[in-house]
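Dear colleague,

I am handing over the structure we spoke about, and below it you will find an account of what was found in it. Please read the account with the coordinates open beside it.

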Amino acid sequence: MTSLNDRLLGCALCALLSLAPLRTHAADAADVLPAVTIKAKRPNKSPTNSLLDQRSGLNRLKTGEADTASLLQQTPGVSTYSAGGLSGLPAIHGLADDRVRVQVDGMDLQAACPNHMNPALSYIAPAKVGEIKVYAGVAPVSVGGDSLGGTIQVNPAPPQFSNDEDKPLTLGEVGFSLRSNGKAQSSNVSATYATQKLSLSYSGVTAQADNYTAAHGFKPAEAGTEGGRVIPADEVASSAYKFINQDVSLAWKHDEHLLEFKLGRQHVLFEGFPNQRMDMTGNQNTLANLHYKGYFDWGDLDARAYTQRTHHAMDMGPDRYQYGTGMPMLTRASTDGLQLTASLEMTPQSALRLGGEALRYKLYDWWPPVGGAMGPRTFWNIDNGQRSRVGAFAEWEANWTPQWTTELGLRQDVVHANASAVQGYDNGLQATWGQDASDFNARDHAHTDRNWDFVAMARFHQDESETLELAYARKSRSPSLYQRYPWSTQPMAALMNNFVGDGNGYVGNEDLQPEVAHTLSASAQWRDADHQTWQLKLTGYATYIQDYIDAQRCHTGQCSQDNQTATSHFVLLQYVNQSARLKGLDASGELELARTDAWGHFTATALVNLVRGQNTRTGEPLYNIMPANARLGLVHRLSGWTSTLELQGVQGKRRVSAVRNEMQTAGYSLVNVKTSRDWGVVQLDMGIDNVFNRFYEQPLGGAYVGQGPSMTTNGIPWGTVVPGMGRAMKLAMTMRY
């Protein structure tokens, strides 16, 4: 007998497919939406968007999403570590999190959490995003620094000004979105008042969701907390969220000069993390961003000063054991940054870019006493942690002939790190807290690294249909505070220091050296002369990383002998320098299948990502490497409607890290469908993800530890991967005035 859900699904599919053929005379939505930029050729100018990018408006990607990292899912070479509902961690060519430079509105925002629950992209909601630029692999030195995998720049829409001296410009937007799975809902509002010289804008976004469900049960149905409700077998506990973002901006424009000041405030009321031992119970973040851009006869100048203040709190959420007291963990952090870049037109065929940056980050991470073994004093995980970076670069680009372009860049960054003395809950308990704290406090914590980056690129533009590119990069990155300074080998404390979601505990290592990556990349792009019918792009790359920061089994302090040999349990690890090699291939393209007045425009799209990583010291595969995956799409456009049928396929993850007891995952395929229509003042987006409600384990989802006694090392069963979301119907509407 056909179930109610199946009948609803059939009705929804019919609605989606029947809407597309309706004829109107409105412009195609793809012509008015901002584009996703895959790779900019010149950092100081807007890059040329590929055919694929121009037809994939960001608004359609935003439907029903709260996590900005999810907007990168159709970008070649990019994958995402799963985390909370708005805190995915992007990876480029297998290198993730701190190894990727992520800038939000030009700012290098810092995570202030031992679990990286508040990464940079969590501070800009999808509804606020106007443009995304991804420099995969070999990023120019002017946008790199203190990173290995590449650079992701996410920016809001630029300020708007009136074209009429006597008539101010007033704009506004109100929108909402709904998702059936998890009862997710979000709303956004924005308003702009502008003259020819001044522009004042406000935007606000709020979103919330309950726990989402997988396609079927993957664990026993049982209570998550003492005396709490029974969590169904298919429910992914600790995956709910609720947040509010607000931003105000003021811009002044005069001739070729633009000055902007922006003030932003985020309040996360709750965000669950099914692959971490606790949840975010509060995050308040304030941003101030001052930016100048000016164009002169000799070139252009870009300057920025910004500051970030974060107050972050973690504890056991409603789906976990409370132990009668909970375990509050608090963080206070500040980030202050300066950037200055000058682009000089040396000749009509060459340009020189010079710049400097300064970044100062301070961190206080403490755990208040709650009694018993967790008292009577405050536990200091990191006290007065400091990480400052000062960098300078020079980049020369030359067009030798209409076909040949070269780019050379050199950069140095000086990174200084330090921290103050620490204490456990009770240093009098030598075996539990005192000895580890004493060992840490006995040594000097100051470290200074002088890192060099070098990039060389040559591009051959045969004609409008063929471009070839060869590039080499030497990139450096210094360890983070959470890789250097977490000091306790006590199992519960170590479990709280984990930003990779594998369920294990981590201990820092003050003797870590900077990572140095050598990358060779070759790209080829072919397309029709008019850039309208077809295109194909291939990128192959190989990276060797000296002093790669991996992990080894902890064998000091309170780390037990069983910790060395366990193969099916969570374990305690310590960061260590080793070496690694990654290699892979990105392929993307599209082909126009048909174009008729009666039936519209049909296009096939394809995206394939292959990457393999290996620790060359131990011979083991690197942790959390996305297996081979592909996306195939059929896009139909007719009279302003854009509809997409997508097939996503992912190979099983069999190459896993033994030292972490990483879990394997099975291969899977999903079908997604969506349609969009923009009437100018109203835009409607609808879609269904995972149409056939397939169960799958997320290859980068991490270990499921979202319910029960998550403070204990193996109080939660090992071997369950965080599953993906079951069928989800999405609806979004935007109204503009």
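Which residue in strand 24 does A471 stand opposite? The residue is S521, and this pairing belongs to a set of 12 bridges that join strand 22 to strand 24 (residues 515–527), the two strands running antiparallel. Strand 22 (residues 466–477) also runs antiparallel to strand 21 (residues 447–463), to which 9 bridges join it.

The average pLDDT of the protein is 91, and 91% of the residues score at least 70. Two stretches call for caution: over residues 1–36 pLDDT stays under 50, although the model has 70 contacts beyond four places in sequence for them, and over residues 38–56 pLDDT again stays under 50, with 63 such contacts. Where pLDDT is low, the predicted coordinates should not be read in detail.

Another set of paired strands is built around strand 18. Strand 17 (residues 329–347) pairs with strand 18 in the antiparallel sense over 17 bridges, and a hairpin joins the two through 2 residues. In this pairing E345 has A351 of strand 18 as its bridge partner. Strand 18 pairs with strand 19 as well, in the antiparallel sense and over 17 bridges, and here the bridge partner of K362 is Q386 in strand 19. The loop between strand 18 and strand 19 holds P376, and the peptide bond that joins G375 and P376 is cis, with omega about 10°.

There is also an open sheet of 3 strands, which are arranged in the order 2-3-4 with antiparallel pairing. Strand 2 (78–81) and strand 4 (95–96) stand at the edges and have a single partner strand each, so one side of each is left without a neighbour in the sheet. The pairing of strand 2 with strand 3 is antiparallel and runs over 4 bridges, and the bridge partner of Y81 in strand 3 is L89.

At least two residues of the lining are supplied by each of strand 3 (89–92), strand 5 (100–104), strand 18 (350–367), strand 19 (379–399) and helix 5 (481–484). Strand 5 gives the largest share of the lining of the second largest cavity, with 3 residues. Sorted by class, the lining of this cavity has 13 nonpolar, 7 polar and 8 charged residues.

Two backbone angles may also be worth a look. S238 is not a glycine, yet has a positive phi of about 60°; this residue lies in the loop between strand 12 (230–231) and strand 13 (241–254), and S238 is buried, with a relative accessible area of 2%. N661, likewise a residue other than glycine, has a positive phi near 55°. The loop between strand 29 (641–650) and strand 30 (668–678) is where N661 is found, and N661 counts as buried because its relative accessibility is 6%, which is under the 20% cut-off.

Apart from its neighbours within four places in sequence, N285 is in contact with Y123, G264, R265, Q266, Q308, R309 and T310. N285 and T151, for their part, are 134 residues apart in sequence and 23 Å apart in space, taken from C-alpha to C-alpha.

With best regards

Key
Residues numbered from 1 in each chain as written. Predicted model: local features only at pLDDT ≥ 70, side-chain atom pairs only at ≥ 80, totals over all residues. Heavy atoms only, no water. Nonpolar A, V, L, I, M, F, W, Y, C, P; charged D, E, K, R; others polar. Buried < 20%, exposed > 50% of the residue type's maximum accessible area, 1.4 Å probe, protein only. pLDDT = per-residue confidence, 0-100. Contact = heavy atoms within 4.5 Å. Pairing = 2+ DSSP bridges.
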